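Okay, thanks everyone, I'll keep this short.

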Amino acid sequence: MQIGIIGGSGFDDPNLFENPIERDITTPFGKPSDVLLEGSIKGVSCVLLARHGRKHQYQPSDVNYRANIWALKSLGCTHILATTATGSLVEQYRPGDLVVLDDFIDRTWGRQCTFYDRTEGGPRGVCHLPMRPAFCEKARQALLSAARGRGHVCHATGTAVTKQGPRFSSRAESLMHRQWGGHVVNMTTVPEVALAKEAGLSYAAVALVTDYDCWRENEQSVSVSEVLEMFARNIKKAIDVIVDAVQILAADSDYSYLDCHKDLVTSAIMLKN
Ligand code: ADE
């Protein structure tokens, strides 16, 4: 097994990643956000990718999600663990808490959200992939055990409303996202989760709550400085969780769930030629 990690900032600690080698990859869908770092974490093979590029050069709607997932898969990744900064849409998910996402609502538009679009070098056919469950339950449980093991406040489930950005929500939108049943709001889970599933990979994401968006009474809107400050203050938690989850996944000898992910994709493809 090999585990891809999407997130980036914070994983640049030289003691964390053993024997890192940079891989500059081109995919049929273009270039990923940056070079990928291949190495290991406590003996388990991992590949690290900064979703927005190492200089944070791509805004959420400009990230080449397809190239990112394809590149990780082409280096042999069987799993992807992701981190994501999120605003909270419910009182009990507080800034500083972690959430292991279990569902999403797609509020993005115009993003390349399938590999099955007849791109030269890509897969053939039309793919209608079921999205329940949206995330890999094995990988989710690994993140949750890791978070609980570290003593962090971590919510076992959460629906992410992924919005297009780059702007934050208006108050009316934020109230609407709450009514829809969203627990957190971000800008990157879609199409990442769907593409990982199309690629037949085990994918789960740990969300770091950085703010209360803008739905609460008598409160200002979320700001970039608030998000960045909370993210910087708490990212170590998310990194520790991923590091421990990598060990948990590697210690499990039952890989049959990986075959289920692949079989699901095979059964979802129509008109293969
Ligand atoms: N990422 C972090 N906080 C956010 C918010 N309030 N809305 C969208 N994306 C976010």
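A quick word on labels before anything else: helices and strands here are DSSP runs, numbered from the N terminus, where a helix is H or I over at least four residues and a strand is E over at least two. And keep in mind that this is a predicted model.

So, cis peptides. Where does Pro133 sit? Going by those labels, you'll find Pro133 in the loop that runs between strand S8 (126-127) and helix H2 (137-149). The bond joining Arg132 to Pro133 is cis, with omega about 0 degrees.

Further along, we have Gly165 and Pro166: the peptide bond between them is cis too, with omega near 0 degrees. Pro166 is also a loop residue, placed between strand S10 (159-163) and helix H3 (171-179).

Okay, on to phi. Asn19 isn't a glycine, yet its phi is positive, near 45 degrees. This residue belongs to strand S2, residues 18-23. Is Asn19 buried or exposed? The cut-off for exposed is over 50% relative accessible area, and Asn19 comes out at 64%, so it's exposed.

Then there's Asp213, another non-glycine with a positive phi, about 50 degrees this time. Asp213 is in the loop between strand S12 (202-211) and helix H5 (224-251). Now the accessibility: buried means under 20%, and Asp213 has 5%, so it counts as buried.

Conventions:
Residues are numbered from 1 along each chain as its sequence is written. This is a predicted model: local features need pLDDT of at least 70, side-chain atom pairs count only at pLDDT 80 or more; totals for chains, interfaces and linings use all residues. Side-chain values use heavy atoms; hydrogens and water are left out. Buried means under 20% relative accessible area, exposed over 50%, partly exposed in between (1.4 Å probe, protein chains only).
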